[in-house]
Amino acid sequence: MMESSQNIPFMTRKELISFAVLAALLFLVLPSALDVFRLSLVGKYLTYAFAAVGLVLCWGYGGILSLGQGVFFGLGGYCMAMFLKLESSDPISTKIQSTPGIPDFMDWNQITSLPFFWQPFHSFGFTLFAIVAVPTIFAFIIGVAMFKRRMGGVYFAIITQAVAAILTILIIGQQGYTGGVNGITDLRTLKGWDIRSNEAKVVLYYVNGGLLMVALFVSQYVRTSKLGRILVAMRDREDRVRFSGYDVDAFKIFVFCLAAAISAVGGAMFTLQVGFMSPSFVGIVPSIDMVIFCVVGGRLSLLGAVYGTLLVNWAKTSFSEAFPSLWLFGLGGLFIAVVLVFPDGLAGLYNSHAEPALQRGLVGLRATAKSLMRRLKTA
Amino acid sequence: MTIAGYSIGDLASVLAMQGFAGLILFSVFTLMALGLAIIFGQMGVVNMAHGEFMAAGAYTTYLCCHLVQKFAPFLFGIYFFFAMALAFVVCGALGYATEVYMVRRLYKRPLDTLLATWGLSLVMQQCFRSLFGAREVGVSLPGWLMGSFNLTDTIQVPINGLFVMTLTMAITGAVFLLLFRSRWGCQMRAVTQNRPMSGAAGINTDRIDRYTFAFACGIAGIAGSAFTMIGSTSPTSGQLYIVDTFLVVVFGGAQSLLGTVASAFSISQVQSSLEFFLSGSMAKVITLLVVIGILMLRPQGLFVLKVRR
Amino acid sequence: MPSRTDFLLSIEDLTVSFDGFKAVEDLNLYVDHGEIRVIIGPNGAGKTTVLDLICGRTKATAGSIRFKDEELTQMREHEIVRAGVGRKFQNPSVYDNLSVFENLEISYPKGRTVFGALTFRRDKAVKDKVEEVAETIFLADHLDTKADILSHGQRQWLEIGMLLMQDFDLMMLDEPVAGMSVREREKTAELLNRIIAKRKDRSLLVIEHDMKFVENIAHSVTVLHQGKILAEGSMAKVQADPQVIEVYLGH
């Protein structure tokens, strides 16, 4: 029984075990059970999990539903893609182009010099900075514009959806500068290291997993800090929090930007693992998919978001292989089912069914062990 | 004197024709937005499947066209009216079912309604794909609807466009009459403004909700019929306009139907005018950005009543 | 017109109109230090609107609200709170999903910026203050109880406690005893008097309908009617005023 007047610990013992189980799954079980192809597929799914984790903070705790997380995922991914593309577009490899030294799609679109906003992406350091900074600044602008005007709830969700649509249209329309509907493809090396080789994919999987754990720890810290409690308070009674002297808008902007930054890291890792980035990960459809991963996990559970992402994506791949036309029925049905029947998602199911069963099992085990010990002693 | 290579007279004609193209777009927006304004603005329900209801109406029209061509070619000249009525009924029925099985449970949770209706839209898209194939299908128009009408020497006006616009005005007028002059409309407005009181006054709020939702979906069905006259239909047609439609409703001030119409007009005109000078995608981007920008300055939309917060 | 500037709260010529309807019109109200001022009046008189205007929830159309020499009409809600004005809402507005301790802790005036909230530690100062306030509001034994299972009266006290955590100079209470039993009302009157006794420069602005309760706590009473002041003075004086009897108290 947790005494309320103690500090809420960063992680209770139960949570520590859950985190350890996830870590074991990601770093030990899956790599030994799966071949490189499937492992890297899981790695791809885990990048979506970044966005879902961000949504747990921003939506589950903060009550801010964003239907545009694809925007930040995509911005992070595009930053990384731009760096990788420039690396493989050095003047020597591209000497057959009309203008060597620029990416192939620019050449196809009769562009003759590298646009100014591509220039800084020659530097890896800048790219790393941009992956986090650009989406965060973008989120900040949206947040300031919306939250200061007290636009929340459904209106905010619709506007984020519109932003996702706008960015997609922009990227597709400006194909000379962005690679258009095909995106930025044919990415080969990161600082000379071939990212397409099998060993690279394994390394990237571990790096991705590691970054995801970091994101989870950061989110856990925020969740258990006073800020986390204020988010919950704000979600229920925003006026009261405001009248307790809190600048509620600043808190909303913070959590929205944090979710954006986390999603962006996922996007960058996606580009590295999959080898391309396109507008099909930026728009309305992928953004809502990210929301469903979060919902399936149980919107308030960080680990649930990861498991939800893995589950839905695994189902998608399996179904698409076996029954391609049924998949959309399944996904649509999943949306409806989770909202109507399982609003607490996987975490809710775990808490109400799996955990009590586990407890009973553990108790039974302990009792059996004790009686065994007694018998051994008296023997 | 010329501007960008066009004479003044030419420009005027171009703007007039572009304006007319904008009017067709305005009609589609209005019909879609009217239904959504009723559902979202009046009932507070977010229906992400509204575009798919429209597509259902379009597919119904396509089926009608097909059947008439096959079994009753003598009716071809007037089949369109019959198709629209059928679209209204079919989509109304679909809407009714949706309200009963899904929306009814989620009235207090608008964000969840959003997700559930998005799921419905996916299911409906897949249904269209399975029933009608993934490729676009077109509707053949009867002879009297085809071709253009020469307003002046240089301005040509497509007849199907005129038909759609007249239709839109008729339907908008009918909706206003229904909402503000009929008993049912009065009851509907009462329920959305004060549900408990309406119930206490003997209005069957459940039934009103159902019929209102069904009615709005029926209008979307007619929008779909109209849509077939200006473009072909594919399973993803519904997705084309859903974001715009929501913005139109919010921009117009979700509570006001007049605002919805005004908003549909301004947005469609801005977009089609821009389309002439810029590429199609940039025109859309700029239009959406302008709308969002204005919404940020005035979040309540164009028409709003000032009330104590 | 008094020109003393040492009132705690000076409202002058305050007007707010909603689409032409004047909810509050040319209001002049002065609250002294250490005073319990009660505002009474029929429903729709503008009482809650006055509180909304002071705390910044509604923007005034004209007039000035000066609090300790600061002009409140130019400030945002959380700035007004930081300046020392606290408000208790008509419906008890506590955080249902948090415990009594956490409710009070959130109101502690530290860690209210984003960075502060991230790095906030629940140290002894915080714990002592929470326990002290909990004692005052009769909830010392309920620190770990989740707020949504408290009784209605306890929720009202919790909200008052949340205001006490911040040591406001002016506390505004909107119908604090609504829905309470007779015994709870007596305890609440005791609580309010205790609050004033502890700090001489603090004032209370209370809206209430229960005349017996008002008698127990009021230093002076203001009667509001249709957005304007009908009468002002001690409870006895106001209760005897014929206009007040006509409009509100009844014969």
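## A crossing between two chains

The helices α6(A) and α9(B) cross in a left-handed way; a crossing gets that label if the near helix is turned anticlockwise from the far one by less than a right angle, and is right-handed if clockwise. Helices here are DSSP runs (H or I, at least four residues), strands are E runs of at least two, and both are numbered from the N terminus. Helix α9 of chain B covers residues 237-251, and its axis lies 10 Å from that of α6(A), at an angle of about 135 degrees. Axes are lines fitted to C-alpha atoms, for helices over the stretch in contact, and angles run from 0 to 180 degrees between N-to-C directions. The pair therefore counts as oblique, the class left over once angles under 35 degrees are called roughly parallel, over 145 roughly antiparallel and 65 to 115 roughly perpendicular.

Before going on, please keep in mind that this is a predicted model, where local features need pLDDT of at least 70, side-chain atom pairs count only at pLDDT 80 or more, and totals for chains, interfaces and linings use all residues. Residues are numbered from 1 along each chain as its sequence is written, while chains are lettered from A and ligands numbered from 1 in the order in which they are written.

## Who touches whom in that crossing

On the α6(A) side you will find Tyr155(A), Ile158(A), Gln161(A), Ala162(A) and Ala165(A), and facing them on α9(B) are Val243(B), Phe246(B), Leu247(B) and Val250(B). Two residues are in contact here if their C-beta atoms, placed from the backbone, lie within 7 Å. Sorted by class, this contact has eight nonpolar residues, one polar and no charged. For the classes, Ala, Val, Leu, Ile, Met, Phe, Trp, Tyr, Cys and Pro are nonpolar, Asp, Glu, Lys and Arg are charged, and the others, Gly among them, are polar.

Another pair to look at is α14(A) with helix α4 of chain B (residues 110-132), whose axes are 8 Å apart at an angle of about 160 degrees. These two helices are therefore roughly antiparallel, and their crossing is left-handed. Among the contacting residues are Leu328(A), Phe329(A), Phe335(A) and Ile336(A) from α14(A), along with Leu115(B), Trp118(B), Leu122(B) and Arg129(B) from α4(B). The residues of this contact comprise 14 nonpolar, seven polar and two charged.

## The A-B interface as a whole

How many residues of chain A are in contact with chain B? There are 32 residues from chain A, meeting 32 from chain B. On the chain A side, α6 (153-173), α12 and α14 (324-340) each give two or more residues. The top contributor is α6(A), with 14 residues. By class, this side of chain A has 25 nonpolar, six polar and one charged residues.

## Inside chain A

Chain A contains 15 helices and two strands. Its radius of gyration is 23 Å, close to the 21 Å that the globule rule gives for 379 residues, so chain A is as compact as a globular protein of that length. This radius is taken over C-alpha atoms, and the rule is 2.2 Å times the number of residues to the power 0.38. The C-alpha trace of chain A spans about 90 × 60 × 40 Å along its principal axes.

Twelve residues of domain 1 and five of domain 2 form the contact between them. The elements giving two or more residues on the domain 1 side are α12 (284-297) and α13 (302-322).

Helix α12(A) also meets α2(A) (residues 36-61), with axes that come within 8 Å and cross at roughly 70 degrees. That angle makes the two helices roughly perpendicular, and their crossing is right-handed. The contact includes Leu55(A) and Trp59(A) of α2(A), and Met290(A) and Phe293(A) of α12(A). Its residues divide into eleven nonpolar, one polar and no charged.
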